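Dear colleague,

I am passing the structure below to you, together with some notes on its strands and helices. Please read the notes with the coordinates open beside them.

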Amino acid sequence: MQVIQEKRPGSRVGLKIVVEADRVKRSYEKTLRQLEQNIQIPGFRKGKAPRNLVVRQVGRERIMASAVDDLISEAIQQAFKEARLTPISRFELDDEVGQLLAQFNPEADFSFSGYVEVYPEARVGQYKGLTVTATRVDVKPEQIDQLIDRWRDQRATLLPVEDRSAQLGDVVVIDFAARDAEGNPLDEMTTQDFQLELKEDNFIPGFVAGIVGMQLDETKEIAATFPDDYFRKELAGKTVTFTVCLREIKAKELPELDDAFVQEISSFQTVAELREHLQKRLEQDALTQSEENLETAILNAILETTEVDLPETLVEQEMTQLLSQSLHSLQQQQGVTPGEIRKLLSQLPPETLNQLMERHRPEAINRLRRTLALSAIVRQEQIAVGSTELDVEVEEVMAAYAQQGQKLDRERVRRVRQAVYESLLTNKVMAWLKSQTTVNWVDSEGNPTQAPTSLAGSEEKVEVPEAEFEADEPEAEVSGIPEAIESSSETATGAETDGEAAAAEAEPAPEEAVEVSPAETLSDSAADSEPKATIPVEEKAEETTAETPAAEKPKPSKKGKKGK
């Protein structure tokens, strides 16, 4: 068998394969023998019918198609082995199946060509002796008040209002329907008893402003314009007219900030203790963010001289991972259950789901490029993780699982070990890159400043004691949530959330460190923070391949039936 390789765009390897005539004949004969043994011809015992009757019964074209399919699959498998290729996609034929069948002759050589996507390698330019600018994050005095105010806001009492119109800060209950510029109704944007907190950046721009000033039971038409980057392209940038009926107005009454309130929401006894704790935690967060800013600056500088040809299969996998993270974040922040998410996704038209995926394409590409660049540097600089330090870290993670009462099977333990290894390796290569880089620190205004204390090495990292909170961790305000329209069962206010999780100081669950893709983040920060990539080690590449049918028994993808 002859195999000719060629490089193709998109990290594809083209293969032209020529199978010798004697092997073609053996494959064809093998197919015929299998049919003779399995086809029942009337008047003959199974496996005893003459070959010409079997061919007439089955059809020559079907026999040829089966022979060609087996021949191509076996040839591809052998070609992968000989060329030492690790495919990440199915083999795609260059020609239509009909064309291959037309040229097939059991007595002659058989040739075909196609391509397969393989794991790419980055070509990294300069990564030593870099000079970068990184922003130092400092704690602002008002941040503590903002955190406490959000907790107070979560515990606010909603009082019915009947003697005035709606105003900013109120929580209202509304019914609404929508129609487009041509007057056509948008049924998916019709809902009743929708609860909305009146904040200027809540919901579609113009919507909240239109409600402000409305009286109880008043009906009003409000024009609102969807953002240009709205995931439904047919609505992006379009103005929609909403018919809104105001059913209820509720004013927020915040609880007093006193020791009793602090004891209610946390394990602290006084307001002073809470403020001291928050100060330390914010300082630690600022140091962490400063370090992440430095890592991002270094990676961005490296990517400026990095070349990598990404296969579409990897990009699609990463977009799927990012969409999954977004849905997981929605589940945690807004209390949406996995069942509700699955129901929502099942009801979305395919084009809408594709649009949701495509929103993550730029970030997916960036994460993959970072991953592959780091992987290339690890190989070039021979950076490695020792077995002892790996065992120690794995034991700590396993102990955390045990404390939670979770038992892990062998596969889950392997995944834990893999995730810990990647995390350690990433930390090592980033530490090495920092040692090779000159850093110019600036403050939030862009003015030169000193390096953060812990990064300068003159002080150990601050250890913030764990504290229990009964209130939900205050999240950053989410601006513009047009998706809320799509689910009438949701509310756009957290005023009545009871929040039972001790999220404010809880350590990240070990499971979060395990559920990673080949391009997960450097830190344990949330998915919506600045993404960085872990290093895909060889074991990860093999794992990916093992999940691809092509890696076990390659089957060609017929033209027009790729079905990725």
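This is a predicted model: local features need pLDDT of at least 70, side-chain atom pairs count only at pLDDT 80 or more; totals for chains, interfaces and linings use all residues.

**Strand pairing and helix contacts**

Residues are numbered from 1 along each chain as its sequence is written, and side-chain values use heavy atoms, with hydrogens and water left out.

Helices (H or I, at least four residues) and strands (E, at least two) are DSSP runs, numbered from the N terminus, and two strands pair if DSSP finds at least two bridges between them. Strand 7 (residues 171–179) is joined to strand 8 (residues 191–197) by 5 bridges, and the two run antiparallel. Strand 7 is also joined to strand 10 (residues 239–253), again antiparallel, by 9 bridges, and there Ile174 has Leu246 of strand 10 as its bridge partner. Strand 7 is mostly covered, with 7 of its 9 residues buried (under 20% relative accessible area, with a 1.4 Å probe and protein chains only).

Strand 1 (residues 2–8) pairs with strand 2 (residues 12–19) in the antiparallel sense over 7 bridges, and Gln5 stands opposite Leu15 of strand 2. The hairpin of these strands has 3 residues between them, and Gly10 takes a positive phi near 75 degrees there.

Turning to the helices, the axes of helix 13 (residues 387–403) and helix 14 (residues 410–435) come within 9 Å and cross at roughly 125 degrees, where axes are lines fitted to C-alpha atoms over the stretch in contact and angles run from 0 to 180 degrees between N-to-C directions. The two helices are therefore oblique to each other, since angles under 35 degrees count as roughly parallel, over 145 as roughly antiparallel, 65 to 115 as roughly perpendicular and the rest as oblique. The residues of this contact (heavy atoms within 4.5 Å) divide into 10 nonpolar, no polar and 6 charged; here Ala, Val, Leu, Ile, Met, Phe, Trp, Tyr, Cys and Pro count as nonpolar, Asp, Glu, Lys and Arg as charged, and the others, Gly among them, as polar.

The axes of helix 5 (residues 142–154) and helix 8 (residues 271–303) come within 10 Å and cross at roughly 115 degrees. Among the residues that meet are Trp151 in helix 5 and Leu278 in helix 8, and this contact divides into 7 nonpolar, 2 polar and 3 charged residues.

With best regards

Technical notes: Buried means under 20% relative accessible area, exposed over 50%, partly exposed in between (1.4 Å probe, protein chains only).
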